[in-house]
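Trainee: Could we go through this structure together? I should like to begin with the charged side chains.

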Amino acid sequence: MEIEKIRSKLEEEFIVYDVEKLDDGVRFYVHPIGDISRDLKLFLTQLAGEYSVEFKHQYGELVLEIKKPKREKIWINIVLLIATFFSTTFMGSMMFGLMDGILFSLAVMFVLGSHEMGHYFAARKWKMRTSLPYFIPFPTIIGTLGAIIKHRGPIPNRKALFDVGVAGPLVGVVASIIVILIGLNIPFKPAKIGETMIILGSPPLLDLLARLVGYEERFIHPMVFAGWVGLFVTFLNLIPVGQLDGGHIMRAMIGKKAEVVSRIMPLVLISVGFLINYLYKVSDSIWIFWGLITAFFAMYPHPEPVDDETPLDFKRLLLGIFTFFLALMCFTPVPFKVVKI
């Protein structure tokens, strides 16, 4: 770390009245002369690709801390990965039997993991510090709440925000299509049929894939179900609200105006939910519930990229429009319902 170079850069816009060396970095005691320029913001953003960079108040003084980032505890990722494999296998086995349960587990983890790795590699491309995926084991019907990654540090610009936001859904959809096509080519009949059955709503993209391979059977292979989960998760993530993937993409595309879209979308979802209740004669539309959840996300403003002035190029704008169209292809009015047979 070139301390004198950093100090010289800071002194262009701050009074630097003390420098304290730390075991893992350095702390600058500063007093601002005016607003921080875009040039200095970009300089600090570049530093944030290798170090933890943070302005904060300490005992009434403004300090800038630049530290070596803490090493990731990879063992946590591994433990959660193994735990999620067992939880998804267990739930899959309860529905489909052991062997098909294992196939379901591998497929659903491939789909969800691909989504997060799309975010990961896009962030690394822009030299943003980010973690490997953390899978979340949980006793849901699929045995997991999905996976997440942690981003640390500032967002360099709107292009970086767009690339990171769009990469996850696009890679996740490709992974979903792969497992769906494999599953549609595997004959499947359940070993036994219980007193109740889960009927899945079929999104347009799944219908299209089924028509391409000429699939007309009543039951679907567990791998198709895993792919269906991927499409469902893709739609949820692409709703343009807050810091969901769709919120990132919309913020990158239209800037601060995205906050208006973010506030309106929960009302749209709730309205769609009531409309679906009426049209499909159901009483518990998931979209009413998800509208209430997204209302919580919409309460928090999206963090600004360091360079928020430079707009997206035309190719990215087209890709963003295509991605939201893809989200509609993953939408189904009634995702699932339980019926007695």
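Mentor: The structure holds 14 salt bridges, a salt bridge being a side-chain nitrogen of Lys or Arg within 4 Å of a carboxyl oxygen of Asp or Glu. Please note that this is a predicted model, in which local features need pLDDT of at least 70 and side-chain atom pairs count only at pLDDT 80 or more, while totals for chains, interfaces and linings use all residues. Residues are numbered from 1 along each chain as its sequence is written, and side-chain values use heavy atoms, with hydrogens and water left out.

Trainee: Which residues are linked in a network of salt bridges?

Mentor: The network links Glu-20, Arg-27, Lys-56, Glu-65 and Lys-67. Within it, Arg-27 and Glu-65 form a salt bridge with an N to O distance of 2.7 Å. Arg-27 lies in strand 2 (residues 25-32) and Glu-65 in strand 4 (residues 61-67), so this pair ties together parts that are 38 residues apart in sequence. Helices (H or I, at least four residues) and strands (E, at least two) are DSSP runs, numbered from the N terminus.

Trainee: Is Glu-65 buried or exposed?

Mentor: Glu-65 is buried because its relative accessible area is 3%, where buried means under 20%, exposed over 50% and partly exposed in between (1.4 Å probe, protein chains only). Arg-27 is buried as well.

Trainee: What else does Glu-65 touch, leaving out residues up to four places away in sequence?

Mentor: Besides Arg-27, Glu-65 touches Val-26, Ser-52, Val-53, Glu-54, Lys-56 and Gln-58; contact means heavy atoms within 4.5 Å.

Trainee: How is strand 2 paired with strand 1 and strand 4?

Mentor: Strand 1 (residues 14-22) and strand 2 run antiparallel and are joined by 8 bridges, with a hairpin of 2 residues connecting them. Phe-14 stands opposite Pro-32 of strand 2. Strand 2 also pairs with strand 4 in the antiparallel sense, over 6 bridges, and there Gly-25 has Lys-67 as its bridge partner. Two strands pair if DSSP finds at least two bridges between them.

Trainee: Changing topic, what is the relative accessible area of Glu-12?

Mentor: The value for Glu-12 is 52%, so this residue counts as exposed. Glu-12 forms a salt bridge with Lys-9, in which the closest N and O atoms are 3.8 Å apart. Lys-9 counts as buried because its relative accessibility is 17%.

Trainee: Now to helix 11 (314-329): what happens at its start?

Mentor: There, a side-chain oxygen of Asp-313 reaches to within 3.3 Å of the backbone nitrogen of Lys-315. Asp-313 also meets Arg-316 in a salt bridge of 2.6 Å, N to O. At 23% relative accessibility Asp-313 is partly exposed, whereas Arg-316 is buried at 18%.

Trainee: Which helices do the buried residues of helix 11 pack against?

Mentor: They pack against helix 5 (158-184), helix 6 (204-213), helix 7 (222-237) and helix 8 (245-254). Among the buried residues of helix 11 are Gly-320, Phe-324 and Ala-327.

Trainee: What span should helix 11 have, and how far apart are its end C-alpha atoms?

Mentor: At 1.5 Å a residue, its 16 residues should span 22 Å, and the end C-alpha atoms are 23 Å apart, which agrees. The expected span is 1.5 Å times one less than the number of residues.

Trainee: Where is Asp-308 found?

Mentor: Asp-308 is found in the loop between helix 10 (286-298) and helix 11. With a relative accessible area of 11%, Asp-308 is buried. A polar contact of 2.8 Å joins its side chain to that of Arg-251; such a contact is a pair of N or O atoms within 3.5 Å, where within protein one must be able to donate a hydrogen and the other to accept it, and residues adjacent in sequence count only if both atoms are side-chain atoms. Asp-308 also touches Arg-158 and Lys-256.

Trainee: Finally, how many residues has the largest nonpolar core?

Mentor: The largest nonpolar core has 60 residues, and those with the most contacts inside it are Val-108, Ile-239 and Trp-287. Helix 5 gives the most to this core, with 11 residues. A nonpolar core is a set of buried Ala, Val, Leu, Ile, Met, Phe, Trp, Tyr and Cys residues joined through side-chain atoms within 4.5 Å.
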